[in-house]
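Here's a quick tour to go with the model on your screen. Have the viewer open and click along as you read.

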Amino acid sequence: IIEEPTPDWLVDEDSEPYTYTREEWIRYSLYTDFGFREPVDVSALTDDELTAYMADAYQCALDIWFLFEVCSDRMYARNLWNSTMPHVEIDGRYYSQMFNPVFPTLADLESYMNGVLSHDLTGKLLAMEMFIDYEGELWGMMGARGTDISKKTIGFSVTSRTDTEIIYTAEVEVREFDLASEEPDYVEYHNFTYALIEDGWRWTDFYLYN
């Protein structure tokens, strides 16, 4: 179990601050090291191997999406923003220093994202300006929101496969009126595209559905 670190600015002068190692941060905040693995020939994977591979690939992309649309605090130990943190106001937005051991700069984060997502998807997320480069370091807008509790993902499957494109589908139960009901009001399906592009295999169609 990795304990929450104590930020430098909340530590007594005589005590040593806790800092994440690279491996700890990846395990704690990204949940998978998929984005740091050596590329594989996805078209050569057996069905069982592809099932495991796609689960990791999806989780990796989902973690990136969460940083921008759900919980940017995850970039620095999930600490909620408070006025004691080093911060700067830019165009009415407050950005805090991330002190991130894996992505010390915005360029590092962008490079990681481009290894998982198409350049178009990476650009779409970065355009939200949740994270910026400030004085050569990564700063971000700390904040978190909830997800849609009326939706429950019950499974994923590869629903289409060619040598250059994979469709990965999430099956989602929706309970709009009674969240405790055993039967959903309806089931919806969300399709995501994982394709072989010039840079390699990347998510070319991805979004957060809950």
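Not counting residues up to four places away in sequence, which residues does Phe36 touch? Those residues are Arg22, Ile26, Leu30, Val102, Phe103 and Tyr112. Bear in mind that this is a predicted model. Below, we start with the overall layout and then work through a few spots worth a click.

**Overall layout**

- The protein has 4 helices and 8 strands.
- Reading from the N terminus, the elements go α-α-β-β-α-α-β-β-β-β-β-β.
- Of the 210 residues in the protein, 42% are buried.
- Take the contacts with a separation of 6 or more: 60% of them involve residues 24 or more positions apart.

**Phe36, in a loop**

- You'll find Phe36 in the loop between α1 and α2.
- Its relative accessible area is 28%, so Phe36 counts as partly exposed, since the partly exposed class sits between the buried limit of 20% and the exposed limit of 50%.
- One of the residues Phe36 touches is Tyr112; the two are 76 residues apart along the chain, yet their C-alpha atoms are separated by 8.1 Å.
- Tyr112 itself is one of the buried residues of α3.

**The nonpolar core**

- The largest nonpolar core is made up of 50 residues, and Phe68, Phe131, Tyr194 and Trp203 have the most contacts inside it.
- Elements giving this core two or more residues are α1 (22-30), α2 (47-69), α3, α4, β6 (165-174), β7 (186-197) and β8 (200-205).
- The top contributor is α2, with 13 residues.
- As general background, nonpolar side chains in soluble globular proteins tend to be buried together.

**Helices α3 and α4**

- The buried residues of α3 are Leu106, Leu109, Tyr112, Met113 and Asn114.
- These buried residues pack against α1, α2, α4, β3 (131-134), β4 (137-140) and β8.
- How do α3 and α4 meet? Their axes come within 9 Å and cross at roughly 140°.
- That angle makes α3 oblique to α4, because only angles over 145 degrees count as roughly antiparallel.
- The crossing of α3 past α4 is right-handed.
- On the α3 side, Leu106, Glu110, Met113 and Asn114 make the contact, and on the α4 side it's His119, Thr122, Leu125 and Leu126.

- Ser118 lies in the loop that runs from α3 (106-114) to α4 (119-126).
- Is Ser118 buried or exposed? It counts as buried, because its relative accessibility is 7% and the cut-off for buried is under 20%.
- Leaving aside neighbours within four places in sequence, Ser118 is in contact with Ile197, Arg202, Trp203 and Thr204.

- Strands β1 (residues 87-90) and β2 (residues 93-97) pair in the antiparallel sense over 4 bridges.
- Ile90 stands opposite Arg93 in β2.
- The hairpin has 2 residues between its strands, and Asp91 takes a positive phi near 55° there.

Definitions and conventions. Residues are numbered from 1 along each chain as its sequence is written. This is a predicted model: local features need pLDDT of at least 70, side-chain atom pairs count only at pLDDT 80 or more; totals for chains, interfaces and linings use all residues. Side-chain values use heavy atoms; hydrogens and water are left out. Buried means under 20% relative accessible area, exposed over 50%, partly exposed in between (1.4 Å probe, protein chains only). Contact means heavy atoms within 4.5 Å. A nonpolar core is a set of buried Ala, Val, Leu, Ile, Met, Phe, Trp, Tyr and Cys residues joined through side-chain atoms within 4.5 Å. Two strands pair if DSSP finds at least two bridges between them. Axes are lines fitted to C-alpha atoms, for helices over the stretch in contact, and angles run from 0 to 180 degrees between N-to-C directions. Angles under 35 degrees count as roughly parallel, over 145 as roughly antiparallel, 65 to 115 as roughly perpendicular and the rest as oblique. A crossing is left-handed if the near helix is turned anticlockwise from the far one by less than a right angle, and right-handed if clockwise.
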